[in-house]
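Please follow this explanation with the model at hand, taking its parts one after another.

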Amino acid sequence: MSYSLYHEIYNNVFLSNPDYLKAEFSPGYRIILENAEVIRAVGEKHLDYGCGAGFVVGLLGSKLFGKDSYGVDVSSVALDIAKERGISSQKLFLLRNQAIPFPDDYFDLITCCDVVEHLDLDDISHLSSELNRVLSPNGVLLLNVSTRPAGSLDLNGENLHRTVKDAGFYSSLFNLERYTVNNVEKEITAIRRGKWM
């Protein structure tokens, strides 16, 4: 799918769903708190891919974690909300295509929570390559992916979770050493150290 269509879909989501504006409904925020010890042990440069309203960028950039935290997202509406919440515009970047606007090996930590399943299958493969490209050789990827259909539809009447796959699919794609499966939330969470391609 073109990024202009993702842009349109997720601008609509952020304008029409107030739950996306609350940290307590942010899977990324919850995953960060659950993995705080690992996150504190890695380097300073952090990217939140699919940052939405900026909850993870704000949390990791706070004194609690002290990271140099950046966010990228396809939704300009979400990024405007993040800026209104006090996240510096110099820390937020709009994705206009599949390329992450940072150089190779730049980030010590990349978080990608509740994003991958929202992409078409071809885009997930490219995303894996891009995340691998910008992760430093000794960096850490914190990945959280839903393995169930979403409870809502996009503005075109399609499920918001465009790609529903099992844990084995994501394990293979990201060459995960290990992951946990949350059967209540129907999601996997993995910490991947180093590059996988």
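In this predicted model, helix 2, which spans residues 27–34, lies across strand 4 (107–113), strand 5 and strand 7, and its direction runs at about 125 degrees to strand 5. Helix 6, made up of residues 121–134, lies across strand 1 (45–49), strand 4 and strand 5, running at about 145 degrees to strand 5.

Strand 5 covers residues 135–146, and it pairs with strand 7, residues 187–193, in the antiparallel sense over 7 bridges. Within this part of the structure, V140 stands opposite R193 in strand 7.

These strands can now be placed in their sheet, which is open, has 7 strands in the order 3-2-1-4-5-7-6, and shows mixed pairing. At its edges stand strand 3 (92–94) and strand 6, and because each has a single partner strand, one side of each is left without a neighbour in the sheet. On average, and with direction ignored, neighbouring strands of this sheet are turned by 15 degrees against each other.

Once its neighbours within four places in sequence are left aside, Y179 is in contact with A167, G168, S171, I188, T189 and A190. For one of these, A167, the separation from Y179 is 12 residues in sequence and 8.4 Å in space, taken from C-alpha to C-alpha.

Note on methods:
Residues numbered from 1 in each chain as written. Predicted model: local features only at pLDDT ≥ 70, side-chain atom pairs only at ≥ 80, totals over all residues. Heavy atoms only, no water. Contact = heavy atoms within 4.5 Å. Pairing = 2+ DSSP bridges. Helix = DSSP H or I, 4+ residues; strand = E, 2+ residues; numbered from the N terminus. Axes fitted to C-alpha atoms, helices over the stretch in contact; angles between N-to-C directions.
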